[in-house]
Amino acid sequence: MRTVLACSVAALTAVIGTMSHQAVAGAAVAGCRVDYTVTSQWPGGFTSAVTVTNLGDPVSGWKLAWSFTAGQTVTQAWNATLTQNGAQVTAADAGYNAALATGGSAAFGFNGSWNNSANPLPLSFTLNGTPCTGSATSTPSPTPTPSPTPSPTASPTASPTASRTPSPTPSPTASPTASPRGGDGSPADPRIAYAGRWDTGSSTGYVPNWTGAYFETAFTGTTVKLKQRDAVNIYVSIDGGDDVFYAGVRGTVNLTPTPLPSGTHTLRVSYRSGDTVFQGLVLDPGATTVDPHPPTKLIEFVGDSITAGYLDSKLALSAYGWVLGERLHVRHTQIARAGYCLVAQEGCAGQSTQYFKLGSTGATDWDFSRYTADAVVINLGTNDIGHHVTGSAFQAAYTSFLSAVRAKYPRAALFAMETFKQRYVAETKAAVAARNASGDADVYYIGTEGWLTPGVDYADGDGHPSDAGHIKIANRLAPVIAPKIGVSVP
């Protein structure tokens, strides 16, 4: 199916194969079905959601391949690792979704670029090298048993509702049509976009890690409720409004005590503390989630209590990283915690190693294929001096840290901020210079002298910025970072 789209479009869907599973006795069966949806599109970019369903024997790892036909390019992906060689694209499982039972599905999404003229859907897919025809293929046994075959004039049509197992819907005249854009509000719903480091491996729900993690979606209907396992503190924004604080709520939490007007609404939920286990959304009967059209750019902020927003009014939500991300209209993550150092010494947790973990504590490695940062802003060194880290040790650790972050984000702009107390200034500059000398020109030092006034812009004299202080920091960072990631400053 080839379709030329305007800049504002409804969802397009290609359903590759919906014929029933017909196996040959004694055969080794393989087969698959793919639902590929362009959920949003804008000048130069688009977002696609993909669901692959395994119709054959269980697999413990998968690779889905297809080719673009109009020069489209993948720029960012989630829930899978995507690589592209010319027109050929390969999506590999993300580890946690590697196992596909017979009839099981995996969903992932990606952002891409297009030529503003045509964005045709892929014509075919293969799963681990097997064509996705929507029915099983088989290698006959020495004595095959005949089985019925589909009508030669049948062609696939989209199921009226999202389904993890295919149903036989052959029609002599049908062609692939758009499937509903809606999701069910479960944690695994591909219409829910997650920002930050989320543990998605628990059977009880999805759990955010570090600080400032949030999810966003859109939904139809007039009400929305949040399912939480136990008491939790959260911030909720509906339709882009102010973040409303819910303290100690649990169970099914009504986020719309006054019903909204009928239509489509947006929702963002950020977790502050407590039992932060997201167990899904409850919508009106017949309502669904809708793709929230998340921004394509992402900035990651790395630091200690200042980056985490310690002592300001909303913690992470009023810290400079969140403020800057919202101002630039990009996704944002804050990999920060109070008391943390760059170097692990004398009981201080070191971001030089902990940054690469799923959580602010624990040894589980973070899967960096889950998202890609366009910029990483580092503000470390304030606490190291209190743990007797020498200048030479700090410089060596910072240089190695920048190199390790670069290995995870090959295309990101990296920024090393001078601490507001001007600690390890020469060493931080030297670490940046070392990366530049090695050929990495996309690493920058940011001086911060004069940004904040002690006793005026701090909540505690000269240690932790106030809300107003964080806004000043964000205002200073905006014109430095925005041009490096290709966005404008409002």
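**Disulfides, sheets and cores in a predicted model**

The torsion about the S-S bond of Cys 341 and Cys 348 is about 105 degrees, so this disulfide is right-handed.

How many disulfides does the structure hold? There are two. The other one links Cys 32 to Cys 132, with 2.0 Å between the sulfur atoms. Its torsion about the S-S bond is -100 degrees, and the link is left-handed. Cys 32 belongs to strand S3, residues 32-42, while Cys 132 is in the loop between strand S11 (130-131) and strand S12 (137-139), so this pair ties together parts that are 100 residues apart in sequence. Both Cys 32 and Cys 132 are buried. If you number the bonded cysteines in sequence order, the pairing reads 1-2, 3-4.

Now the cores. The largest nonpolar core has 32 residues, and Tyr 355, Phe 401 and Tyr 409 have the most contacts inside it. At least two residues of this core come from each of the following: strand S20 (298-303), strand S22 (375-379), helix H4 (391-408), strand S23 (413-417) and helix H5 (425-437). Which of them gives the largest share? That is H4, with six residues. As for Tyr 409, if we leave aside neighbours within four places in sequence, its contacts are Glu 300, Tyr 355, Phe 368, Tyr 371, Thr 372, Ala 373 and Val 376. Apart from this core lies another, of 26 residues, and Cys 32 and Cys 132 are among them, as are Val 52 and Phe 125.

Next, the strands. Five of them form an open sheet in the order S7-S8-S5-S10-S11, with antiparallel pairing. The edges are S7 (81-85) and S11, each of which pairs on one side only. Between S7 and S8, residues 88-92, there are five bridges in the antiparallel sense. Within that pairing, Thr 81 stands opposite Ala 92 of S8.

Elsewhere, strand S17 (residues 264-274) runs antiparallel to strand S14 (residues 207-220), and seven bridges join them. One of the residues involved is Glu 216, whose bridge partner in S17 is Arg 268. S17 also pairs with S15, again antiparallel and over seven bridges. There, Asn 233 has Ser 273 as its bridge partner in S17.

Where is Asp 243 placed? It is in the loop between strand S15 (224-238) and strand S16 (244-254). At 17% relative accessibility, Asp 243 counts as buried, since the limit is under 20%. Which side chain does the Asp 243 side chain make a polar contact with? The partner is the side chain of Arg 268, at 3.1 Å. Leaving aside neighbours within four places in sequence, Asp 243 is in contact with Tyr 235, Val 236, Ser 237, Arg 268, Lys 314 and Leu 317.

Note on methods: Residues are numbered from 1 along each chain as its sequence is written. This is a predicted model: local features need pLDDT of at least 70, side-chain atom pairs count only at pLDDT 80 or more; totals for chains, interfaces and linings use all residues. Side-chain values use heavy atoms; hydrogens and water are left out. Helices (H or I, at least four residues) and strands (E, at least two) are DSSP runs, numbered from the N terminus. Buried means under 20% relative accessible area, exposed over 50%, partly exposed in between (1.4 Å probe, protein chains only). A polar contact is a pair of N or O atoms within 3.5 Å; within protein, one must be able to donate a hydrogen and the other to accept it, and residues adjacent in sequence count only if both atoms are side-chain atoms. Contact means heavy atoms within 4.5 Å. A disulfide is a pair of cysteine sulfur atoms within 2.5 Å. Two strands pair if DSSP finds at least two bridges between them. A nonpolar core is a set of buried Ala, Val, Leu, Ile, Met, Phe, Trp, Tyr and Cys residues joined through side-chain atoms within 4.5 Å.
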